[in-house]
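Open the model in your viewer and keep the selection panel at hand. Each stop below tells you what to select and what is there.

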Protein chains: 2
Amino acid sequence: MRVDRIFCDLPTSALQAFENIKYATAYPKGAVLFVEGQAPRGIFVLCKGRVKLSICATDGKTLILKIAEPGEVLGLSATVSGKPYELTAETIDPCQVNFVKREDFLRFLKDQPDACFKVAEQLSDKYNNACHEVRSLGLSHSAGEKLAKLLLEWSSKNGEAAKQEPRLKMALTHEEIAQMIGTSRETVTRLFADLKKRQIVQSKGSTLVIRNKAALKLIASNN
Amino acid sequence: MRVDRIFCDLPTSALQAFENIKYATAYPKGAVLFVEGQAPRGIFVLCKGRVKLSICATDGKTLILKIAEPGEVLGLSATVSGKPYELTAETIDPCQVNFVKREDFLRFLKDQPDACFKVAEQLSDKYNNACHEVRSLGLSHSAGEKLAKLLLEWSSKNGEAAKQEPRLKMALTHEEIAQMIGTSRETVTRLFADLKKRQIVQSKGSTLVIRNKAALKLIASNN
DNA sequence: GAGTTCTTGTGACCTGCATCACGTACTCTA
DNA sequence: TAGAGTACGTGATGCAGGTCACAAGAACTC
């Protein structure tokens with residue numbers, strides 16, 4: 001249960017203070033933790049399950065920024081700054097979450113300098129990720145390139161780390177993948193078809209095998 | 001000289017501590033404060049002049065994220081997290097800067113809880129901006145839309161706030177504008193030509209007059 | 001197992017914009 | 001004042017990828 005990793009190496013007094021203000025909550029799959037534009041109610045420390053973070057345009061177009069894993073703190077920057085949540089968080093598994101109300105959290109930060117510093121680090125990290133996102137979106141990589149990057153990123157996460165031919169179970173639909181790399185569903189389908197034709201990947205049911213990691217890296221890095 | 005605004009409403013002890021570790025420095029126009037990928041040396045508090053923040057791809061393509069104005073803290077997140085600077089900062093005017101070495105700054109944060117909280121707020125802000133950038137890049141607005149947004153943003157900054165027909169002096173070249181909205185120089189030229197033809201803007205020497213703000217907003221918001 | 005709904009696969013078509021290749025105009029500076 | 005450098009203007013061309021339309025699986029009902 002020690003998955004609120006950010007705070008776990010704090011002095012016991014701080015830990016205790018955190019325990020006192022957190023609300024342990026469970027959410028079913030598909031629940032919405034918060035919506036972009038809402039005034040910040042507080043932070044959500046994800047303990048179990050995955051959460052989809054996305055932003056969406058008025059016309060319904062959606063961009064999935066990341067799939068948050070246990071240990072991540074959601075809604076942190078909005079809670080600190082008081083500005084509206086800048087994205088939408090929706091569970092895609094049943095989730096265990098520790099919620100902390102904004103006022104409680106701010107008081108906690110004022111009282112616990114160590115925690116405050118941790119939060120600053122955490123925010124720096126988030127900013128860093130956002131910068132990478134900006135880079136990948138802004139410097140017009142082709143759709144194929146971004147897909148390759150995504151697959152490599154997944155393969156490095158899902159345990160299958162450094163294997164020769166990593167396998168990954170495709171938990172997302174083409175539509176969702178399209179939303180992650182900012183393209184259309186059809187394009188994703190076509191890209192996969194192409195990768196298969198070129199023997200770079202191969203699909204067995206719902207798992208994908210990367211047959212030629214080198215080639216994939218080439219696509220990802222290069223043009 | 002009280003332009004390091006973030007810290008200026010701190011208790012005097014903290015202010016004093018900050019004074020002790022800062023190095024007041026002057027940079028000429030075109031100087032590079034730091035480059036993306038470099039290990040963080042410390043923070044730069046911009047007191048006077050403007051600084052261009054950009055990221056760039058291996059192939060030389062550049063994306064200008066923002067033009068920092070006096071009062072902003074640059075290199076903050078990298079300094080806090082210890083990860084490499086995520087972007088490049090280059091002066092575009094002669095600049096007055098307060099520099100603080102990383103170790104000094106971290107110690108300062110540990111000693112001054114109030115300052116630490118300020119930093120967290122500041123980082124939240126930066127994250128927020130980054131999210132907006134992601135939104136504008138990711139949800140494929142057309143080039144025209146992004147240019148309109150940029151012009152409106154500028155007109156709301158440059159004093160000329162709520163005027164009927166705001167004027168703004170174009171300090172940037174078409175090339176740079178292109179890099180701000182992630183398009184090509186030629187496209188920017190054509191877009192301006194189009195806006196002029198449609199009587200939406202009008203240029204008098206190096207100042208641009210927005211004749212039809214409503215129309216511009218329409219272009220910006222809509223499709 | 002018949003019907004519905006959700007996901008994939010594919011072809012046809014169209015368009016925004018990058019890119020190339022110029023020509024022009026305006027600043028420097030020597 | 002000529003020449004170099006930099007910014008701007010504009011046509012021609014090409015293509016990545018968005019959009020539409022429809023077919024075929026797959027996956028849940030009832």
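Which helix gives the most to the surface near DNA strand D? Select helix 8 of chain B: helix 8 gives the most, with five residues. Helices (DSSP H or I, at least four residues) and strands (E, at least two) are DSSP runs, numbered from the N terminus.

A note before you go on. This is a predicted model, in which local features need pLDDT of at least 70, side-chain atom pairs count only at pLDDT 80 or more, and totals for chains, interfaces and linings use all residues. Residues are numbered from 1 along each chain as its sequence is written, while chains are lettered from A and ligands numbered from 1 in the order in which they are written.

**Stop 1: DNA strand D**

Around it are 15 residues, of which Ser142(A), Ser184(A), Thr187(A), Thr173(B) and His174(B) come nearest. A residue counts as near if its C-beta atom, placed from the backbone, lies within 6 Å of the strand. Now color by element. Two or more residues each come from helix 6 (143–157) and helix 8 (185–197) of chain A, and from helix 7 (174–181) and helix 8 (185–197) of chain B. By class, this surface has three nonpolar, eight polar and four charged residues. Nonpolar here means Ala, Val, Leu, Ile, Met, Phe, Trp, Tyr, Cys and Pro; charged means Asp, Glu, Lys and Arg; the others, Gly among them, are polar.

**Stop 2: DNA strand C**

Helix 7 (174–181) and helix 8 of chain A give two or more residues each, as do helix 6 (143–157) and helix 8 of chain B. The largest share, five residues, comes from helix 8 of chain A.

**Stop 3: the two chains**

Now select the interface. The contact takes 35 residues from chain A and 35 residues from chain B. Two residues are in contact if their C-beta atoms, placed from the backbone, lie within 7 Å. On the chain B side, helix 5 of chain B brings the largest share, 19 residues. That side has 19 nonpolar, seven polar and nine charged residues. Of the interface residues of chain B, 100% are also interface residues in chain A, so the copies meet through the same surface.

**Stop 4: helix 4 of chain A**

Select residues 102–111 of chain A. In this helix, Phe105(A), Phe108(A) and Leu109(A) are buried. Buried means 20 or more other C-beta atoms within 10 Å of the residue's own, again placed from the backbone.

**Stop 5: the core**

Among the 114 residues of the largest nonpolar core, Leu74(A), Ala120(A), Leu74(B) and Ala120(B) touch the most other members. Such a core is a set of buried Ala, Val, Leu, Ile, Met, Phe, Trp, Tyr and Cys residues joined through C-beta atoms within 7 Å.

Terms used. A residue is buried if 20 or more other C-beta atoms lie within 10 Å of its own, exposed if 12 or fewer, and partly exposed in between; C-beta atoms are placed from the backbone.
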